[in-house]
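Dear colleague,

I am passing on the structure below, together with notes on what was found in it. Please read the notes with the coordinates open beside them.

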Amino acid sequence: RAVALILILCVSGMRAETARYSVPEEVERGFFVANIAKDLGLTGEELLARQARLIPEGEKQYLELNQRTGDLVVREQMDREELCGQSEPCLVRFEVLLESPLQSFRAEVRLTDINDNSPVFLNKEIVLKIPESAMPGNRFLLESAHDPDVGNNSLQHYSISSNEYFHAYTQQRNDGGRYAELVLDRALDREQQAEVAFSIMAVDGGTPPRSGTALIRVVVLDINDNIPVFTQTLYKVSVMENSSQDTLVVIASASDLDAGTNGEIAYSIFQNSEENLQTFKINPETGQIRLKKPLDYEEKKIYEIDVQATDGGGLSTHCKVEVQVKDVNDNAPEVIITSLTSTLSEAAPPHTVVALFNVRDRDSGDNGRTTCELTGEQPFRITLLAADAYALVTSETLDREQVEEYNVTVRARDEGSPALSAWKTLLVQLLDVNDNAPTFTQAIYTMVMSENEPAGRSLGRLSATDPDAGENAHVRYALVPPPTGSLAMASFVSVDAESGTVRSLRPLDYEKVRAFEVTVRAADSGSPPLSAQAVLHVVVRDENDNAPVLLHPPPDSSAAGELVPRWAPSGYLVAKVVAVDADAGQNAWLSYELAKATEPGLFRVGLHSGEVRTARAVTERDAARQRLIVLVRDRGQPSRSATATLAVALVDDFSDAFHQFGHDPARGQQPQAAEKELLTTYLIASLCCVSSLFLLSILVLTASKHCKARIRAELPPPSSSCYVDGDFTSDGVGVDSTGTLSPAYRYEMYLTSGSGRSEFQFLRPILP
């Protein structure tokens with residue numbers, strides 16, 4: 001059953017002491033190790049809520065955690081000998097990672113050895129050559145058996161089968177390994193027995209114990225009374241682990257006092273370890289021990305070699321060579337990523353965990369001590385969780401619109417000389433959030449549409465950009481509804497939601513709507529959506545769709561009658577043609593010209609004033625009745641025009657006007673029907689104007705009497721004359737509001753001798 005001991009000490013929410021457990025090797029899958037929740041002081045619900053998970057130190061996951069119960073169980077069967085070899089203790093390390101808040105707890109499970117391996121001899125038959133002169137009590141080294149188990153389950157002692165010459169004695173080396181020595185009990189006699197055979201058994205200390213056997217054949221040699229002697233019984237040497245193949249380790253030297261073949265010595269490495277035979281070689285003649293392959297301090301730190309020297313007579317002796325491997329900085333640190341969040345929201349707050357990783361260096365001492373850092377300036381930093389365990393966290397707020405992804409390079413460096421480094425690059429991509437509103441390229445858009453332009457025509461295009469991505473950057477356009485009660489300008493134009501194209505919805509009349517403004521909105525498709533507004537100013541361009549309109553003479557009169565005395569000089573004002581144009585700008589600029597006249601050289605028309613004046617003095621030869629057609633034209637393209645017809649009578653006296661317009665007895669003819677109708681129209685118009693002015697005067701006088709009763713007690717009596725001298729414009733009606741009439745002119749009214757019959761009035765201007 002598992003034994004758990006854990007002391008939790010959180011530093012900044014991410015550091016803790018190491019929890020230690022133990023479990024036998026090769027237990028079945030699902031074997032209960034410990035209850036992590038109980039050791040951490042948490043419930044199973046808290047483990048599940050905080051997404052507890054195991055982060056192994058290596059690449060393979062041998063244990064698993066039940067988040068609901070907090071039980072730590074075996075996920076895959078573990079062989080201690082395969083994982084750790086002869087190393088003790090054999091530890092499987094891992095981390096328990098909790099979130100909200102982030103906490104990391106280190107733990108290790110010790111694999112306890114079980115007796116699942118038997119001792120094995122490398123050679124099933126061991127041959128010893130012992131001279132017959134060997135004295136009782138002499139010891140002979142035997143080949144060792146190998147047991148991969150450790151502790152009590154490893155090899156404990158040797159024994160041999162019953163015989164009359166030898167017994168076995170078990171010895172222990174400095175590294176804890178055991179080997180056997182054969183002790184001679186009685187003298188050998190080659191002539192009686194040339195060979196002695198018996199078995200040797202190696203037994204471990206397991207329950208039940210396991211054993212291995214081999215056959216020993218002792219060949220009795222003829223007398224050789226001197227055995228080789230080594231200069232040292234123990235050679236201690238140090239070798240750098242980066243030494244190349246065939247490097248000289250040590251020279252084992254022995255001498256023999258015998259002569260001849262009995263004094264010739266041959267050196268060999270005694271087969272007490274297969275690993276020694278694979279790593280070292282010895283020159284049989286010189287005793288030089290060299291490397292067969294490079295050494296690795298991280299795999300093995302000390303080698304013990306048994307060297308045997310044998311003379312020509314078969315006598316042998318042995319010595320020990322202890323080789324200590326010195327560490328060099330030949331292993332760069334390793335950065336092992338245990339957890340990585342490859343996509344991160346740009347709204348992630350500082351201190352958000354991006355990755356968890358460990359740094360491991362197989363060297364020792366300063367060569368194995370490491371530091372960790374980030375290369376370049378990036379919004380991340382490294383936080384130490386525990387020994388050689390780190391977290392990559394954000395150090396500041398992120399903005400995807402500035403940087404979409406980061407290549408974060410983690411550099412691990414040891415403290416060896418020279419120092420070795422390792423790099424690990426992590427790709428962190430930022431996910432967009434809708435944190436940017438669309439932006440119009442202009443605050444005010446000005447577009448122009450022509451007057452009477454048909455509906456559906458494009459006026460221009462709005463443009464807004466959004467630095468976000470995806471749907472957060474998808475911009476749609478719309479008109480902002482106007483306030484309640486205001487003029488629905490939005491009914492004049494429409495905006496395409498996708499392209500932002502502005503189109504007219506109906507023709508507009510410049511004379512009614514010259515310009516208007518609407519508010520447009522650009523909104524993205526994020527959640528919640530963000531928007532911006534701009535002003536759309538639409539100017540209606542005037543078209544020349546209105547012809548000039550005559551105010552004087554009225555357009556419904558067939559011809560306006562004007563009187564000009566025969567004595568009129570050049571420049572005499574005959575009449576003024578007044579017209580207006582509802583258009584604007586150049587389309588409303590009017591010009592006047594004389595289109596047709598009875599005598600073209602007699603009259604002229606002011607180009608911009610519309611005044612009809614005599615071009616020369618009137619003579620007796622000029623016809624008494626003149627007909628003028630004045631053309632009023634604007635400057636539009638194409639231009640529009642109107643015509644005014646004036647009838648001018650040349651008279652010697654204003655009393656002759658009646659005769660000029662058809663009542664001259666000398667002619668003895670009746671006036672034509674058209675002229676009668678013209679006179680009748682003038683009479684009716686005059687009567688209407690006089691009546692209207694009279695009624696208006698009564699109303700004005702009545703109102704003035706009530707409002708200014710304190711100023712005027714009573715009105716003065718009406719004058720007998722119609723007009724008096726003075727400033728005529730003060731009592732007249734001004735017509736300057738039309739923008740095209742010149743100052744008013746004064747006239748006197750006279751009645752002809754026959755006015756009692758025709759009621760025709762003649763006006764004569766009062767000249768200065």
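Strands E6 and E7 pair in the antiparallel sense over 9 bridges, where strands are DSSP runs of E of at least two residues, helices are runs of H or I of at least four, both are numbered from the N terminus, and two strands count as paired if DSSP finds at least two bridges between them. Within this pairing, Val92 has Val109 of E7 as its bridge partner, and in the hairpin that the two strands form, with 4 residues between them, Ser100 takes a positive phi near 55°. E6 also pairs with strand E3 (residues 53–56), in the antiparallel sense and through 4 bridges, with Leu54 standing opposite Val96 of E6. Of the 9 residues of E6, 7 are buried, which leaves the strand mostly covered (buried is under 20% relative accessible area, exposed over 50%, and partly exposed in between, with a 1.4 Å probe and protein chains only).

Before going further, please note that this is a predicted model, in which local features need pLDDT of at least 70 and side-chain atom pairs count only at pLDDT 80 or more, whereas totals for chains, interfaces and linings use all residues. Residues are numbered from 1 along each chain as its sequence is written, and side-chain values use heavy atoms, with hydrogens and water left out.

Leaving aside residues up to four places away in sequence, the contacts of Leu63 include Val33, Leu54, Phe94 and Val109, a contact being heavy atoms within 4.5 Å.

As for the cysteines, the count comes to 1 disulfide, defined as a pair of cysteine sulfur atoms within 2.5 Å. Cys84 and Cys90 form it, with their sulfur atoms 1.9 Å apart, and both residues are buried. The torsion about their S-S bond is about 65°, so the disulfide is right-handed. Cys688, by contrast, has its closest cysteine sulfur in Cys689, at 6.9 Å, which is too far for a bond. Cys688 is partly exposed, with a relative accessible area of 44%, and Cys689 is also partly exposed, at 48%.

Both of these residue numbers fall in a stretch with a record: the UniProt annotation "transmembrane region", from an unreviewed entry, covers residues 679–702, with the caution that such annotations may be inferred rather than shown by experiment, that feature names are shortened, and that positions are given in the numbering used here. In the model this span is 100% helix and 0% strand, and its end C-alpha atoms lie 35 Å apart.

E10 is joined to E14 (residues 178–184) by 3 bridges, with Phe140 opposite Leu182.

The other sheet has 4 strands in the order E9-E16-E15-E12, with mixed pairing, and its edge strands are E9 (125–131) and E12 (155–160). Its twist averages 25° from one strand to the next.

Lastly, strand E33 (residues 421–431) is joined in parallel to E27 (residues 343–345) by 3 bridges, and in the antiparallel sense to E32 (residues 405–414) by 9 bridges. E32 and E33 form a hairpin with 6 residues between them.

With best regards

Note on methods:
Axes are lines fitted to C-alpha atoms, for helices over the stretch in contact, and angles run from 0 to 180 degrees between N-to-C directions.
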